[in-house]
Amino acid sequence: MTESRLLKVDLLPGTLDLLILKTLLLGPRHGYGIAQHIQRLSAETLRVEEGSLYPALQRLRVRGFVTAAWKLTPTRRRARYYRITRAGRRQLEQELSAFEQVIAALRSVLHPA
């Protein structure tokens with residue numbers, strides 16, 4: 001997709017945390033890997049910028065939803081890998097439920113029966 005055809009999509013508040021936690025269910029990843037996963041699965045529609053990603057990861061870490069450890073990437077670079085915790089899994093379930101309720105409410109307004 002060319003730069004001129006890319007859409008800038010603003011996420012709903014809290015959605016980034018949800019996407020990060022969901023991505024980490026697949027296993028530990030470094031920040032760039034998390035951003036790439038979200039971008040790839042969204043067919044390049046969602047692009048997570050460093051200025052949003054790393055503060056979100058820090059917020060999740062402080063709240064106990066993820067842990068972080070320094071490791072080497074496959075290309076032998078040092079990177080911080082993030083892993084979801086049990087508390088993060090519980091938080092993800094709660095956030096998914098709330099998000100699905102919001103989506104249902106939006107559908108009701110946008111496509112009334």
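A: Leaving aside neighbours within four places in sequence, A56 is in contact (heavy atoms within 4.5 Å) with L16, D17 and I20. This is a predicted model: local features need pLDDT of at least 70, side-chain atom pairs count only at pLDDT 80 or more, and totals for chains, interfaces and linings use all residues. Residues are numbered from 1 along each chain as its sequence is written, and side-chain values use heavy atoms, with hydrogens and water left out.

A56 lies in helix α3. Helices here are DSSP runs of H or I with at least four residues, strands are runs of E with at least two, and both are numbered from the N terminus. A56 has 0% relative accessibility and counts as buried. Buried means under 20% relative accessible area, exposed over 50%, and partly exposed in between, with a 1.4 Å probe and protein chains only.

Take D17 next. From A56 to D17 the C-alpha distance is 6.4 Å, across 39 residues of sequence. D17 is also buried, at 7% relative accessible area. Its salt-bridge partner is R59, with the closest N and O atoms 2.7 Å apart. That pair links distant parts of the chain: R59 sits in helix α3 (residues 50-62), D17 in helix α1 (residues 15-24), 42 residues apart. R59 is partly exposed, at 37% relative accessibility. A salt bridge here is a side-chain nitrogen of Lys or Arg within 4 Å of a carboxyl oxygen of Asp or Glu. Side chains of opposite charge can pair when their charged atoms come close.

A search of the whole structure finds 2 salt bridges. R47 and E44 form one of them, the closest N and O atoms being 3.6 Å apart. R47 is partly exposed at 40%, and E44 is partly exposed at 30%.

Helix α1 also has a part in covering α4. The buried residues of α4 are G88, Q91, L92 and E95. What covers them includes α1 and β3 (78-84). Helix α4 (residues 86-110) has 25 residues and should span 36 Å; its end C-alpha atoms are 36 Å apart, which agrees. The expected span is 1.5 Å times one less than the number of residues.

Now the whole chain. It holds 4 helices and 3 strands, in the order α-β-α-α-β-β-α. Of its 113 residues, 33% are buried. Among contacts with a separation of 6 or more, 51% join residues 24 or more positions apart.
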